[in-house]
Amino acid sequence: MTAMETFESSRAAGLARLAAFVPRAGHHYANGRNADPGPGNRRDVSILSPWLRHRLITEREVVEAVLARHSLNAAEKFVQEVLWRTYWKGWLEQRPVVWQRYIAERDSVRSGFRGAADLARAEAGATGIDGFDDWAQELVATGYLHNHARMWFASIWIFTLRLPWALGADFFQRHLIDGDPASNTLSWRWVAGLQTAGKTYLARADNIERYTGGRFRPSGLAGEAMPLREEPVPAARPLPNLAAPGLAPYDPRRPALLLVTAEDFHPESVVATGAVKSALVIGDSPGAGALAQAFVSGAATDAADRVAGHFACPVTVAASFDAETLLAAAAAAGTDRIVTAAPPVGPIADRLAELVPELARAGVGVGMVRRQWDERFWPHARKGFFALKEKIPAVLASEGLV
């Protein structure tokens, strides 16, 4: 590997990368987005996902910047790519059982898996498969992979190496700096034929050779991809009610402790200024590997600096959060309210859901606020992406972006 992607974990760095990419978000992106020329050579993809993942920059900001330079028609492919991230989150938000199944399968398979040596070779990039080994090593070294390489890798993992898909999804989730519970889990399910029942993705040597510019042409790949099977997924449920029993409805007029997590490091654009008396910023990404955790830790420090200035309040950065930490921070702020950007389905939401009843018993309520972007797009993620795709122009118009 002669060059590496670098990711400075600050909002300023994300905005700078966005500004540099915007001129290429039209036909350059549409024509070159599937090609992966390798680390340090990618010019036709934005590589904004680490900052978007943790909302150091937001989906709305990215789309707004692109549409200020290009028409929606010219930048359609890129806008749709941003909205795939929104779609995955909305889809999983309405089917949290899929996340719960993944966690259960991951843990169950790991505890009884007899192919530990094969798994170790795959994660170390020591299988002898051209391309696959390079991507495994690139992932661990940089915390990033091109989207097309992620698909090839997942397909080879599942259908050629015949390794459990849930352990592959976990490998990505641990090492990707942009590891997102929804996008990562559901993308692996899609490759495996679980997300869209019966529809799999088969990695082919000629496709890999073509889109890597001849860098790789693996031999011995599986010639077919038989879809995995599972129990039917329940129908979509309504989006969670943020005023449900056990939660304290968000009231921007009531003083509160602001809780900032790795799910949303830009609270300035979602929480009203007057409500915040003090802030607690959590620099933890549960289950993340070293690079992903380092990015989140740096992003927490960056967010703390911005929060202190924007809300004009004292800010504490903590490595993790539990009931004792939250209760002490609320007491120090002189409030019985905590407000936070609503975390989507994933480990942080799981952790907060465990703590809410305990906090309530101690007299502290938790209020959550969902971004307008999510409120408008997520209800259209009940079915396939194309049902949401049809709504993109109208929703962007309602946002004042077209």
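**Pockets, cavities and contacts**

Mentor: Let us start with the largest pocket, which holds about 1400 Å³ of space. Please keep in mind that this is a predicted model.

Trainee: Which residues lie nearest the centre of the largest pocket?
Mentor: Glu81, Trp84, Trp88, Asn147 and Ser187 do, out of 46 lining residues. The elements that give two or more residues to this lining are α3 (49–53), α5 (76–93), α9 (147–160), α11 (181–192) and α17 (385–389). Of these, α5 gives the most, with 10 residues.

Trainee: How do the lining residues of the largest pocket divide by class?
Mentor: There are 22 nonpolar, 14 polar and 10 charged residues.

Trainee: What is the volume of the second largest pocket, and which element gives the largest share of its lining?
Mentor: The volume is about 480 Å³. Its lining has 25 residues, and Glu93, Arg237, Pro240, Ala349 and Ala353 lie nearest the centre. Both α6 (96–112) and α15 (347–361) supply at least two residues, with the largest share, five residues, coming from α15. By class, this lining has 17 nonpolar, four polar and four charged residues.

Trainee: What makes a space a cavity and not a pocket?
Mentor: A pocket is open, whereas in a cavity a 1.4 Å probe fits but cannot get out. By this rule there are three cavities of 30 Å³ or more. The largest cavity holds about 60 Å³.

Trainee: Which residues line the largest cavity?
Mentor: The lining is made of Ala248, Pro249, Tyr250, Asp251, Arg254, Pro255, Ala256, Ala275, Arg337, Ile338, Val339 and Gly367. Strand β4 (residues 337–341) provides the largest share, three residues. Eight of the lining residues are nonpolar, one is polar and three are charged.

Trainee: What about the second largest cavity, which residues line that one?
Mentor: Arg53, Arg55, Lys89, Glu263, Asp264, Ala342 and Pro344 line the second largest cavity, and its space is about 40 Å³. Here two lining residues are nonpolar, none is polar and five are charged.

Trainee: Now to Arg371. Why is Arg371 called buried?
Mentor: Buried means under 20% relative accessible area. Arg371 has 10% relative accessibility, so Arg371 counts as buried. You will find Arg371 in the loop between β5 (365–369) and α16 (372–377).

Trainee: How do you know that the side chains of Arg371 and Ser269 make a polar contact?
Mentor: The cut-off is a pair of N or O atoms within 3.5 Å, one able to donate a hydrogen and the other to accept it. For the side chains of Arg371 and Ser269 the distance is 2.9 Å, so this pair counts as a polar contact. Leaving aside residues up to four places away in sequence, Arg371 touches Arg55, Thr58, Asp264, His266, Ser269 and Val270.

Trainee: How are two packed helices described?
Mentor: The angle between their axes and the distance between the axes describe them. Take helix α8 (residues 132–142) and helix α10 (residues 165–175): their axes are 9 Å apart, at an angle of about 35 degrees.

Trainee: Which residues of α8 and α10 meet?
Mentor: From α8, Ala136, Leu139 and Val140 meet Phe171, Phe172 and His175 of α10. This contact has five nonpolar residues, one polar and no charged ones.

Conventions
Residues numbered from 1 in each chain as written. Predicted model: local features only at pLDDT ≥ 70, side-chain atom pairs only at ≥ 80, totals over all residues. Heavy atoms only, no water. 1 Å grid on protein atoms, 1.4 Å probe; cavity = no way out; pocket = protein on both sides within 12 Å on 5 of 7 lines; lining within 4 Å. Points joined across faces, edges and corners; volume = space filled by probe spheres on them. Helix = DSSP H or I, 4+ residues; strand = E, 2+ residues; numbered from the N terminus. Nonpolar A, V, L, I, M, F, W, Y, C, P; charged D, E, K, R; others polar. Buried < 20%, exposed > 50% of the residue type's maximum accessible area, 1.4 Å probe, protein only. Contact = heavy atoms within 4.5 Å. Axes fitted to C-alpha atoms, helices over the stretch in contact; angles between N-to-C directions.
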